[in-house]
Amino acid sequence: LLQGIDQEVFYPTPGAKSNEMFVIFSGGKFEYRKGQDLVLKSVQILQERYPDVVLVNCWYNLWPRTMNLMRLSPHIAFDLKGDSWEEQMNHLYQLNGLDARRIVTCPLMQNSELRLLYEKTDVGLFPNRCEGGTNLVLMEYMACGKPVIASYSSGHRDVVAEGNAVLLKNLRENTLVDHGVPFARWDEPSLDEVVESLDYAYHHRDSMRALGARAGEDMKRFTWGKTAETLLRSIQRS
């Protein structure tokens, strides 16, 4: 079941981004499966290297219990403290040595508002461990003509390819266990590869913009109408 994008909402806006700061975007509800612990650690490393690195995240999680698996992360210390979403996130940034002054923590946003946010960023980072679908945030970001760094795994493989994304291919199998019972088998991206890819994007912004332009073209194949047609053909064949 491939997801689709609304081309009336998500489309490229060339030249909208200034070069004052290098802005990394990360989206999807905050949880271990989505790999935001890898985002936090890699951004912390990049912030120490370069003074102009900024993280913009849309991580608001309507199902906070799913965040508890972050305790499994080998990359960050996880402790939720605070009454509001912003307080909880700021506590995590401080706990893990990030510069909160260079992080924008977005509240829950309307889908129609996101394009204006995306156009202010340089690269999307999606080191997701598993996607049962195709990752709608990833697709909508790419549809705006924006380049991504993405794990070449599970549902991402239906969307990203060598020509339209920087692929994270150094993956190892990771079996998650709860009280001695395996409950998930996900791909574990390499932190070193994530950092290396971000560093490449930082130093090759023109090449990344060209990659984003190709991504925007490729996402035209994934409108809701076209993905619905694909589903209907599959049902008819079966």
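Helices (H or I, at least four residues) and strands (E, at least two) are DSSP runs, numbered from the N terminus. By that rule, the protein chain has seven helices and eight strands. This is a predicted model, in which local features need pLDDT of at least 70 and side-chain atom pairs count only at pLDDT 80 or more, while totals for chains, interfaces and linings use all residues. Residues are numbered from 1 along each chain as its sequence is written, and side-chain values use heavy atoms, leaving out hydrogens and water.

Let's start with the overall form. The C-alpha trace of the protein chain spans about 50 × 50 × 35 Å along its principal axes.

Now look inside. Of the 238 residues in the protein chain, 53% are buried, meaning under 20% relative accessible area with a 1.4 Å probe, protein chains only. A contact means heavy atoms within 4.5 Å. Among contacts with a separation of 6 or more, 70% join residues 24 or more positions apart.

Let's finish with one residue. Where is Ser-151 found? It belongs to strand 5, which covers residues 148-151. Ser-151 counts as buried because its relative accessibility is 1%. Not counting residues up to four places away in sequence, Ser-151 touches Phe-126, Pro-127, Asn-128, His-156, Leu-168, Leu-171 and Pro-189.

Methods: Buried means under 20% relative accessible area, exposed over 50%, partly exposed in between (1.4 Å probe, protein chains only).
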